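Subject: Structure for you to look at

Dear colleague,

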Amino acid sequence: MADLKDFAEQLVNLTVKEVNELADILKEEYGIEPAAAAVAVAGGGAAAGGEAAEEKSEFDVILKSAGASKLAVVKLVKELTGLGLKEAKEIVDSAPKAIKEGVAKDEAEGLKKSLEEAGAEVELK
């Protein structure tokens, strides 16, 4: 089984030139036409890389503005962050400002929803 994993690792890491050489060898020496397989291997690697880039696991919750209910937003920022009233007010006054950084998607969306319900304008990055 380990040999097959090593072989698969070698196949995945082939350069375009090496894939073309392998295709020529398979065709000339074994009579196998590997065009569809080569495209699938090359395309599969690109698709997997694209999905990994799209899937983001950590988000920053950015307060863009406090909106009309500044006092409510200050109180909520204080509650959500565990900061004192003065520190929470400073964050709200200096918007746009990160409220929390590197949080999970669910937590970030929950924070955003809470802040928006209080009247703030929030962005996830």
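What follows is a description of the chain as a whole, and then of a few places in it.

Please bear in mind that this is a predicted model, in which local features need pLDDT of at least 70 and side-chain atom pairs count only at pLDDT 80 or more, whereas totals for chains, interfaces and linings use all residues. Residues are numbered from 1 along each chain as its sequence is written, and side-chain values use heavy atoms, with hydrogens and water left out.

Confidence and overall layout

The mean pLDDT (the predictor's confidence in each residue, from 0 to 100) is 78 for the chain, and 82% of the residues reach 70 or more. Residues 36–53, however, have pLDDT below 50, and beyond near neighbours in sequence this stretch has two contacts in the model, a contact being heavy atoms within 4.5 Å.

The chain has six helices and three strands, which run α-α-α-β-α-α-β-α-β from the N terminus on; helices (H or I, at least four residues) and strands (E, at least two) are DSSP runs, numbered from the N terminus. Of the contacts with a separation of 6 or more, 65% are between residues 24 or more positions apart. Buried residues make up 18% of the 125 residues in the chain, where buried means under 20% relative accessible area, exposed over 50% and partly exposed in between (1.4 Å probe, protein chains only).

I99 has its place in strand β2 and, at 10% relative accessibility, counts as buried. Not counting residues up to four places away in sequence, I99 touches V61, L63, V77, T81, I91 and L115. The C-alpha atoms of I99 and T81 are separated by 7.3 Å, although the two residues are 18 apart along the chain.

Salt bridges

Taking a salt bridge as a side-chain nitrogen of Lys or Arg within 4 Å of a carboxyl oxygen of Asp or Glu, the count comes to five. One of them joins the side chains of E121 and K64 (3.7 Å, N to O); since E121 lies in strand β3 (residues 121–124) and K64 in strand β1 (residues 59–65), the pair ties together parts that are 57 residues apart in sequence. Another joins D93 and K70 (2.5 Å, N to O), and because D93 lies in helix α5 and K70 in helix α4 (residues 70–81), this pair ties together parts that are 23 residues apart in sequence.

The side chains of K112 and E116 also meet in a salt bridge (3.9 Å, N to O); both residues lie in helix α6 (residues 105–117), four residues apart, about one turn of the helix. Salt bridges that share partners join K70, K89 and D93 into one network.

Helix α2 and what comes after it

Helix α2 covers residues 16–30 and includes I25, which at 40% relative accessibility counts as partly exposed. Just after α2, G31 takes a positive phi of about 75 degrees.

With kind regards
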